[in-house]
Amino acid sequence: MAAVAGGRGGGGGMEVMDHDHEDDYTQDGTVDLKGNPVRRSKRGGLKACSFVVVYEVFERMAYYGISSNLVIYLTTKLHQGTVKSANNVTNWVGTIWMTPVIGAYVADAHLGRYWTFLIASVIYLTGMSVLTLAVSVPGLKPQDCSDPNPSHCKKATTLQLAIFFGALYTLAIGTGGTKPNISTIGADQFDEFEPREKAYKLSFFNWWMFSIFFGTLFANTILVYIQDNVGWTLGYGIPTVGLAISVAIFLAGTPLYRHKVPTGSPFTRMGRVLVASIRKLKVPVPDDPKLLYELDLNEYTKGGKFRIDSTPSLRCLNKAAVLLTAGSSNMNSPWMLCTVTQVEETKQMIRMLPILIATFVPSTMVAQIGTLFVKQGTTLDRKIGGFHLPAACLTGFVTFSMLVSVVLYDRYFVRIMRRLTKNPRGITLLQRMGIGLVFHIGIMAISSLVEWKRLTVARKHGLVGNGGQVPLSIFILLPQFVLMGTADAFLEVAKIEFFYDQAPEDMKSLGTSYFSTSLGMGNFLSTFLLSVVSDITEEHGHRGWILNNLNASRLDYYYAFFAVLNLFNFLFFILVAKSYVYKAEVSDSMEVLRQELQNKSYMTEPKNGQQRFP
């Protein structure tokens with residue numbers, strides 16, 4: 001069990017705390033921007049968290065206002081082919097989700113979450129502004145071309161591509177600093193040691209995802225319609241203004257926020273453990289963990305940090321905390337001797353790696369929503385009366401499905417499962433992720449069948465050669481979009497909560513970056529698989545599975561391949577999930593909540609033949 005270090009935070013200006021107000025101070029080491037301890041009644045909680053959540057609504061509107069329809073812009077305005085445009089999207093999205101590792105490092109090691117977030121927001125807004133200019137100024141984009149075959153159109157110049165993609169990747173650098181820190185800042189507003197706030201924290205990521213998808217829903221419906229039917233200038237200008245508004249909203253909540261102080265580079269601390277354990281490879285580990293090197297509890301308490309007791313897992317890393325005999329060279333060097341807490345922090349981050357790897361494949365499926373799924377939609381009948389539906393609008397059903405699923409999950413599923421399992425979360429985070437993985441198997445199987453139906457109709461009407469519109473409603477694709485949203489409600493919400501919850505207290509930003517790394521690697525894996533499958537299936541004169549003309553392609557085979565890949569990935573997930581050991585709680589809040597559930601269950605048990613009433 002982790003030892004509690006209810007520190008008051010570093011920094012000057014320590015307040016004199018009278019006994020009446022001492023219980024009001026947070027016990028998790030949070031401080032204000034000047035380093036002073038903070039009171040629960042003055043800072044943090046739901047009020048502070050609301051500013052963070054509203055920021056994310058507008059920011060997600062801005063991001064998805066660009067990403068949802070990007071593949072359409074690349075094909076219709078920059079005149080790129082199916083494989084190239086899809087890979088450009090997934091490479092950019094992959095970068096968007098990988099840069100948070102750098103942002104998490106800067107926040108945890110140097111600037112803190114708040115200042116890292118603000119600096120990154122300026123970079124983000126700069127990228128959005130230049131991107132809006134790139135789609136607006138005539139000299140910065142190619143001439144319009146109505147030919148359905150992009151290879152017959154005039155290509156964009158090197159300068160035009162440099163400005164457009166330069167703006168996209170500037171934006172990606174900005175999100176690297178905002179993404180890992182904003183959700184962590186939100187979660188930091190709840191004190192781990194106060195049971196009522198801990199209860200709010202357990203539902204935080206459910207409602208976090210619920211709230212931000214309002215912005216996503218607006219982007220996937222209203223913005224993509226504006227981009228397709230009004231113009232790209234307004235379609236990109238609105239997200240840019242929305243991002244500026246979101247930053248202003250975040251700044252307005254500054255007086256209410258609680259902050260965690262930077263604790264040094266997590267990579268350096270983990271590196272020291274790995275190097276020390278390797279250098280002492282032949283040194284035996286004592287059976288009694290009390291013989292390992294550790295600081296006094298007061299040393300942690302003074303800095304508002306947490307001490308962690310030794311665990312038997314990954315025992316080889318315990319060598320880093322073994323005390324050497326006097327006279328050994330560099331025996332007290334931080335690269336030769338580490339505390340038990342440093343060792344356990346490293347173990348916690350390493351233990352999550354197999355789970356992280358198991359999320360790469362489903363993240364690859366998520367990448368199909370904004371690429372191949374949207375391209376499929378462009379080949380189908382999109383008319384509803386006199387209204388022409390943009391193909392990317394179907395991504396709004398992913399959002400809507402997730403909104404509904406999160407509400408049902410939090411309001412009904414969790415409450416039912418709590419009664420059965422006595423777990424405050426209803427089911428464990430890994431069980432929730434597993435349900436999401438099962439959904440992904442079914443989604444790709446259904447997508448394969450739907451695509452087989454689309455191709456059959458295309459062949460029946462002689463549309464294979466000319467790539468004409470298939471006389472099927474675009475809503476034939478609806479099941480795969482709706483189910484993807486339901487899968488997200490299980491898998492994506494559980495992922496971000498799992499990596500935050502299981503990360504050491506001083507590495508929360510890095511833990512949250514595991515979530516973004518999952519999505520980033522999934523997009524890069526999508527690029528790799530699409531390129532490899534496209535090249536292999538075109539060998540020896542074959543037509544290939546993925547062509548510019550989707551009516552002549554075999555996406556049904558490609559989706560079936562994904563279904564099999566998801567099945568094998570699910571089996572791998574079961575294997576690693578069974579061996580995973582959850583970290584010990586740093587407070588007794590979870591035990592208090594679990595005890596409350598048991599008491600409620602006891603109170604509703606029928607006695608002496610009485611009928612049971614809920």
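This report looks at one helix contact and some aromatic ring pairs in a predicted model.

## Where α2 meets α4

The crossing of the two helices is right-handed.

Which residues in α2 and α4 meet? From α2 come R60, Y63, I66 and S67, and from α4 come W92, V93, I96 and W97.

The model holds 33 aromatic pairs. One of them joins Y63 and W97: the ring centres are 6.5 Å apart and the planes stand at 80 degrees, so the pair is edge-to-face. Y63 belongs to helix α2 and W97 to helix α4, and the pair links distant parts of the chain, 34 residues apart.

Are these two residues buried or exposed? Y63 is buried, with a relative accessible area of 3%, and W97 also counts as buried, at 7%.

## A stacked pair and a cluster

Now turn to Y73 and F164, whose ring centres are 5.2 Å apart with planes at 15 degrees, so this pair is stacked. Y73 lies in helix α3 (residues 70–76) and F164 in helix α6 (residues 158–187), so the pair ties together parts that are 91 residues apart in sequence. Y73 counts as buried at 2% relative accessibility, and F164 is buried at 2% as well.

Finally, ring pairs link Y55, Y114, W115, F117, F250 and Y257 into a cluster.

How values were computed
Residues numbered from 1 in each chain as written. Predicted model: local features only at pLDDT ≥ 70, side-chain atom pairs only at ≥ 80, totals over all residues. Heavy atoms only, no water. Left-handed = near helix turned anticlockwise from the far one by under 90°. Helix = DSSP H or I, 4+ residues; strand = E, 2+ residues; numbered from the N terminus. Contact = heavy atoms within 4.5 Å. Phe/Tyr/Trp six-rings, centres within 6.5 Å; stacked < 30°, edge-to-face > 60°. Buried < 20%, exposed > 50% of the residue type's maximum accessible area, 1.4 Å probe, protein only.
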